[in-house]
Amino acid sequence: MTPLTPVITAHWDEPDYFTLEGYRRFGGYRALAKALTMEPDAIIGTVKDSGLRGRGGAGFPTGLKWSFVPQNDGKPHYLVVNADESEPGACKDVPIMMANPHALVEGVIISSYAIRAQHAFIYIRGEVPQAIRRVAAAVREAEQAGLIGDNIQGSGFNLRVTVHSGAGAYICGEETALLDSLEGRRGQPRLKPPFPATHGLYAVPTVVNNVETIANIPWIVNNGVEWFRQFGTEKSPGFKVFAVSGHVNRPGIYEAPLGITMRELLDYAGGVRGGDGTVKFWIPGGSSVPMLTADHLDTPLTYEAMAEAGTMLGTGTPMVFNNTISVVKAVTRWLEFYKHESCGKCTPCREGTYWITGVLERFEHGAGTDPDMKLLEEVCGQIAGRSFCALGDAAATPYPAALKYFRDEFVLATHTPVDETFPPVAGYVFSEVAAR
Amino acid sequence: MSELTAETRAHMVELTHRYPEKRSAIMPILHLAQSVQDEITPEAMQMCAEVLDLTTAEVNAVATFYTMYKRRPVGKHHIGICTNTLCALLGGDAVYEAVSERLGAGHNETDVDGTFWLERIECQAACTHAPAMTVDWEFMDCQTPASAVDVIDRLARGETVVSTRGPAIRDFQATEHTLAFPDDGLAGEGGEADAIMCAGLTVAKERGMSAPPAPAQGA
């Protein structure tokens, strides 16, 4: 059985761990002291060797991303932390920022030093003021302690850190949309290439990394590549802050090596809650990755094994649904989300999400038709790979996966409303009956 | 509604100093404007445009893109109920129905005296705490229809309601001010991570599990 391995989460039950003093009591900022004695390129090399992959969803190798930043080009460089966590099902960056903001801040300082950035931005979604307060307070404490500012710890390295509040837009989790938003524009994605590594914020070299990715950096620098590679697999090294939600008895944050299985995570989370006690479907990392079923509970949660199973690790935040849940209803609700969040820039996504949602709602009311199923497949096919950014591809993801595993339910929804087949009350996690 | 003052303008200018290019301050500036006026008004967009050397059309384009900026007064409290798939199917739909009935308001509507604004919100990154609700964007986790209505009742009576992972509820405009200027002294509220955020840590301790120790270091 794969053990739980709390690293980033190891001291979250300490009353003051989110403060500088609390964080330091457990070794905080030792990695920064070590990093400042290293050459920036050596840090990039260490992160490369560690094999750390981006924890925001795409899994791109972090060190490699950093190495794309041209050095000695005479331009300012920026580090931008993507803390816009808005993916349905993803709820691990906000807890990290609330419980361990200094790991993020320490990671920001080290990462900025490595890529020669003198200004870093932490772009946090606006709907989570307590996370924003915690990160802003951590930055202020670090400034007061001389860990951010001019000539940090006598190293000659200068850094400013700006905490930025978003204002409600899922699309800003897409890195180029985030950059446009941070420049003060509507958050709409940019054409790539050029990539942010050369033309990012204000068109200069920029690294955009996820919160959890950056929070890994202090441990990698402090404990070394060998230690880090004890966790996980060759292609998916390290530990992961898994957020397990849905129909489980103990939903929450579970930190474990990559490669742990959903069955193991379920065991730690107290098993399936409600229904007949079985998993009907689950999603490994946000609604933008295809769903899996009980047949996949023993598939390792790694980037490579998830890809082999036809899905993605994504944000590594599994959502579990028991047998009381209508797949049709779940998918319809996700599509309503993508429709709401489509930025409108490109036609396939803007129009496609509108039409998919409309057709899915017919199924929800038991009025879908056989040709509708084909139509949905076609529309999804016209979005996937043809939209401007990954949000469009994401919107085209839930339906085909649902159809693959649960075609019967769509057939059923051609004559029977889903709320009749699957009474919603059966899925609720409280016993009080809704007043109507 | 409060007027935008010279002080507001000064704060807007102060926000521009955080960024290499001042246009980047548009989002905190709009949060600040909303903290003063409870909505984004044409005069706020005008002032923002002046401070940033933009046209009002450019400011309008941004102000209408992001859902947290409102074009009508929000009232004293913003009530958000997550009805994205996971929260909805775990009971969020029933929570929303109950609160909607209590307030006599639907999505993006206020109650009759304009005190509460109700909104079906998208994923709040609180799925482990489903069904999730927010009051003035502070977390009100793990709701039931009755508990959510009780929150509304207590707020309506002027009683103190404390966020499940944050400070005592103030009002919508106060939160908007925090989004512009996060150093409001409330960062420590809510204390350490709650039981749900510590779920894995707790199991690990019960079962004697831990990460491999750090290698011995010279430094």
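Analyst: Two strands pair if DSSP finds at least two bridges between them. Strands (E, at least two residues) are DSSP runs, numbered from the N terminus. This is a predicted model: local features need pLDDT of at least 70, side-chain atom pairs count only at pLDDT 80 or more, and totals for chains, interfaces and linings use all residues. Residues are numbered from 1 along each chain as its sequence is written, and chains are lettered from A and ligands numbered from 1 in the order in which they are written.

User: What is the strand order in the open sheet of 5 strands?

Analyst: The order is β6-β5-β9-β7-β8 in chain A, with mixed pairing.

User: What makes β6 and β8 of chain A edge strands?

Analyst: Each pairs on one side only. β6 covers 252-257 and β8 covers 292-293.

User: How do you know that β5 and β9 of chain A pair?

Analyst: They are joined by 2 bridges. Pairing needs at least two, so they pair. The two strands run parallel. A:Gly246 stands opposite A:Val320 in β9(A).

User: Which strands does β1(A) pair with?

Analyst: One is β2(A), residues 119-124, parallel over 6 bridges. Another is β4(A), residues 206-210, parallel over 5 bridges. A:Leu79 has A:Ala120 as its bridge partner in β2(A), and A:Val207 stands opposite A:Leu79 in β4(A).

Conventions:
Helices (H or I, at least four residues) and strands (E, at least two) are DSSP runs, numbered from the N terminus.
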